[in-house]
Amino acid sequence: MSHVTSTSDGAFTPRPGAAPLSRMIRAQAALETRMLLRNGEQLLLTVVIPTLLLVLFSAVDIVDTGDGEAVDFLAPGVLALAVMSTAFTGQAIATGFERRYGVLKRLGATPLPRWALMTAKTCSVLVTEVLQIVLLTVIAFALGWSPQGNPFAVLLLLVLGTAAFSGLGLLMAGTLKAEVTLAAANLVFLLLLVGGGVIVPMEKFPGGVRAALELLPISALSDGLRDVLQHGAGMPWGDLGILAVWAVLGLGAAAKFFRWE
Amino acid sequence: MRSVFPGDTPEAPGRPAVEVRGLVKRYGPKTAVDGLDLSVARGGLTAVLGPNGAGKTTTIETCEGYRRPDAGTVRVLGLDPVADAAALRPRVGVMLQSGGVYAGARAEEMLRHVASLHAHPLDVPSLIDRLGLGSCGRTPYRRLSGGQQQRLALAMAVVGRPELVFLDEPTAGLDPQARHATWELVRELRTDGVTVVLTTHYMDEAEALADDVAIIDSGKVIAQGSPEELCRGGAENTLRFSGRPGLDLGSLLKALPAQSTAAELTPGTYRVGGRIDPQLLATVTTWCAQNGVMPDRIAVERHTLEDVFLELTGKELRA
Ligand SMILES: Nc1ncnc2c1ncn2[C@@H]1O[C@H](COP(=O)(O)OP(=O)(O)OP(=O)(O)O)[C@@H](O)[C@H]1O
Ligand SMILES: [Mg+2]
């Protein structure tokens with residue numbers, strides 16, 4: 001036995017304690033947001049693709065967007081896409097890998113309660129969405145966008161859309177392997193981009209297919225936003241209802257089936 | 001076992017920091033931990049040794065509240081690791097065997113973050129300095145070397161100033177300098193009153209650091225005690241010497257205590273087995289003097305913890 005006596009100044013003398021909850025949640029949300037903004041693939045998904053679609057399809061007449069300015073049709077769709085990219089695709093992939101690399105497990109041993117971790121994740125998603133929406137709105141205005149309608153209805157659609165996509169994203173991240181989540185989340189993003197009324201009007205699909213597609217959360221969100229922002233509708237109750245059902249199902253299933261390790 | 005009074009923890013002074021009784025943990029048909037008993041004294045340093053797959057991580061993670069026992073009881077600081085998790089989390093530091101950090105996070109950023117979740121954390125820059133993490137700079141976690149990742153995980157376990165830390169293989173894969181820096185830090189934790197439970201595959205580490213060693217095999221504790229006790233008990237020590245060939249060992253055996261053995265291994269080299277203490281050594285040298293033998297190259301061979309370990313767990317590789 002080599003008995004080296006440590007000359008300690010008592011730095012490690014126990015003094016345990018949790019930080020105040022509000023500080024923990026703020027710190028966690030800030031870290032999650034930094035991780036997201038630092039990740040190149042995530043930025044491609046959440047910023048570059050929505051921006052490119054908005055600019056490209058407004059400038060070039062590739063898809064027939066119906067009567068009126070193309071940007072008036074496209075801006076609501078791209079806002080819906082932005083919500084999906086952050087709340088669903090981005091969150092599913094990031095959380096899937098956090099689970100895979102034991103980040104969720106390790107955080108579970110800190111004083112941060114699980115519900116506070118999920119709250120912080122939601123805050124981080126909302127902060128990212130605000131940044132996306134500001135950016136896309138500025139670009140859309142530069143392209144001649146003239147939105148109308150009730151801002152409160154828009155807000156409600158965005159919040160319910162975020163809840164619906166978060167539930168589905170977390171369900172995926174908490175049950176599938178990280179690699180499967182990565183592939184599936186990207187595939188779903190692509191399919192919903194095409195089939196969810198984001199840039200391709202739903203009228204392009206045959207009747208039966210269209211009826212099914214209209215029940216998707218992305219279609220409800222893009223259709224609802226378009227009803228309000230392009231056509232000046234009041235509360236799009238039907239679309240809000242579809243989003244609410246997805247939110248309840250998704251968040252409920254995620255809460256039940258999510259595995260932390 | 002739960003206390004009815006908030007803030008009043010059911011901790012009698014002198015009660016062990018960790019008490020595991022009859023712990024059973026199964027994964028499907030596989031029994032990873034099979035009736036394990038372990039007691040960790042408060043303020044001490046306990047090393048858990050055992051071959052790959054012995055059940056060390058499973059046991060530690062049950063104490064950390066990650067797994068529910070299939071049978072048996074676990075108490076940590078007098079509390080139930082699952083039911084009282086919220087009360088325990090600020091008080092217990094955890095170093096997982098691997099992972100636990102965002103792939104894109106920088107070492108200092110992650111350590112600062114964990115510090116910010118605690119009320120009275122350690123000074124982050126000096127901890128970074130002590131563990132040589134300063135050179136990690138802006139490199140994301142996924143590109144840090146294995147040793148750097150290990151040291152970050154250790155720093156994260158202690159930054160919240162816990163009463164008790166569980167370190168799962170804290171020196172696996174470290175270079176000698178980093179290993180000694182870790183040993184120093186672990187010793188200092190103990191000096192400052194932190195209870196330390198660590199797992200290791202290195203016998204020298206257990207001998208150098210631990211007050212108490214528990215050897216686990218196939219999910220059971222097969223020996224527990226101080227390194228000295230383990231080296232003394234169980235395995236027998238031996239005394240060797242050289243002399244004239246063909247000595248009559250019968251008269252020596254008569255002089256020695258009952259369970260001793262004596263043999264001429266090769267002509268002129270002798271081995272005495274049994275409990276080798278100063279009295280026995282004196283008996284042997286007296287006998288040599290009486291027989292006019294100069295005992296050449298006389299040596300007491302003390303068993304190392306490694307001998308004890310291999311003797312107890314066998315030499316064959318584990319699955
Ligand atoms: N999540 C799991 N699912 C199934 N089997 C598991 C799981 N975790 C551990 N095991 C099995 O339980 C046994 C004990 O594993 P454990 O990780 O506790 O061993 P260990 O002593 O920590 O080993 P090592 O020294 O290799 O880290 C092993 O046989 C292992 O394969
Ligand atoms: Mg292990």
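Mentor: At the interface, 39 residues of chain A are in contact with 47 residues of chain B, where contact means heavy atoms within 4.5 Å. This is a predicted model, in which local features need pLDDT of at least 70 and side-chain atom pairs count only at pLDDT 80 or more, while totals for chains, interfaces and linings use all residues. Side-chain values use heavy atoms, without hydrogens and water; residues are numbered from 1 along each chain as its sequence is written, and chains are lettered from A and ligands numbered from 1 in the order in which they are written.

Between chain A and chain B, about 3,900 Å² is buried, and carbon and sulfur atoms give 56% of that area. Buried area is the accessible area (1.4 Å probe) that two parts lose on being put together, summed over both.

The rule finds four salt bridges across this interface. A salt bridge is a side-chain nitrogen of Lys or Arg within 4 Å of a carboxyl oxygen of Asp or Glu. One of them joins Lys105(A) to Glu61(B), with the closest N and O atoms 2.7 Å apart.

On the side of chain A that touches chain B, the elements giving two or more residues are helix H1 (21–38) and helix H4 (103–107) of chain A. Helices here are DSSP runs (H or I, at least four residues), numbered from the N terminus. H1(A) gives the most to that side, nine residues.
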